[in-house]
Amino acid sequence: MTAETAPSATPVRPEDAAAVTEIVQRITTSWNANDADVLSTVYAEDASVILPGANLKTRAAIRDWMAESFAGKWKGTHVLGSPLELRYISDDIMLLVSEGGAYLPGSVEVPVEHAIRGMWFFVKRNGEWLVHAYANTPVRHTIPLPESHR
């Protein structure tokens with residue numbers, strides 16, 4: 001993961017950056033497979049997700065919303081999430097700001113209507129990092145896909 005850290009922030013330990021990278025990869029892989037069951041496992045039981053038109057509380061609600069979305073609006077889509085910033089809030093809380101969005105296979109960019117900036121809060125409990133909160137907002141421009149996502 002090549003996200004920036006704030007100049008005065010404690011550098012993110014490589015093992016913590018790797019854990020967050022692995023979580024984002026699990027989200028990407030499960031989204032690309034349209035698998036809400038696997039996707040929801042990266043969220044804490046009491047996680048909150050705020051999306052345009054949705055305010056989801058609990059892993060079960062996130063799973064149900066994603067399953068419905070994969071059967072409808074997001075069916076067959078893939079997702080891009082590129083890190084912009086990764087930093088500690090405290091020893092057991094990390095903030096990730098990302099940019100990306102959903103796109104159809106074969107696309108060269110995330111279309112403007114699906115391009116977003118996301119804010120993630122990861123909390124480490126019992127030695128495991130999980131997503132405790134996520135929200136996104138439109139960025140109102142397309143986002144080019146790297147070759148690896150085309």
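**View 1. What lines the largest pocket.** The lining of the largest pocket sorts into 24 nonpolar residues, 13 polar and three charged. Here Ala, Val, Leu, Ile, Met, Phe, Trp, Tyr, Cys and Pro count as nonpolar, Asp, Glu, Lys and Arg as charged, and the others, Gly among them, as polar. This is a predicted model: local features need pLDDT of at least 70, side-chain atom pairs count only at pLDDT 80 or more, and totals for chains, interfaces and linings use all residues. Residues are numbered from 1 along each chain as its sequence is written, and side-chain values use heavy atoms, leaving out hydrogens and water.

View 2. Six strands form an open sheet in the order 2-1-7-6-4-3, with mixed pairing. Strands (E, at least two residues) and helices (H or I, at least four) are DSSP runs, numbered from the N terminus, and two strands pair if DSSP finds at least two bridges between them. Strand 2 (54–57) and strand 3 (78–90) are at the edges with a single partner strand each, so one side of each has no neighbour in the sheet.

**View 3. Strands 1 and 7 side by side.** Strand 1 (residues 43–51) pairs with strand 7 (residues 128–138) in the parallel sense, over four bridges. Look for Tyr-43, which stands opposite Val-131 in strand 7.

**View 4. Helix 1 at the pocket.** Which helix gives the largest share of the lining of the largest pocket? Helix 1 does, with six residues.
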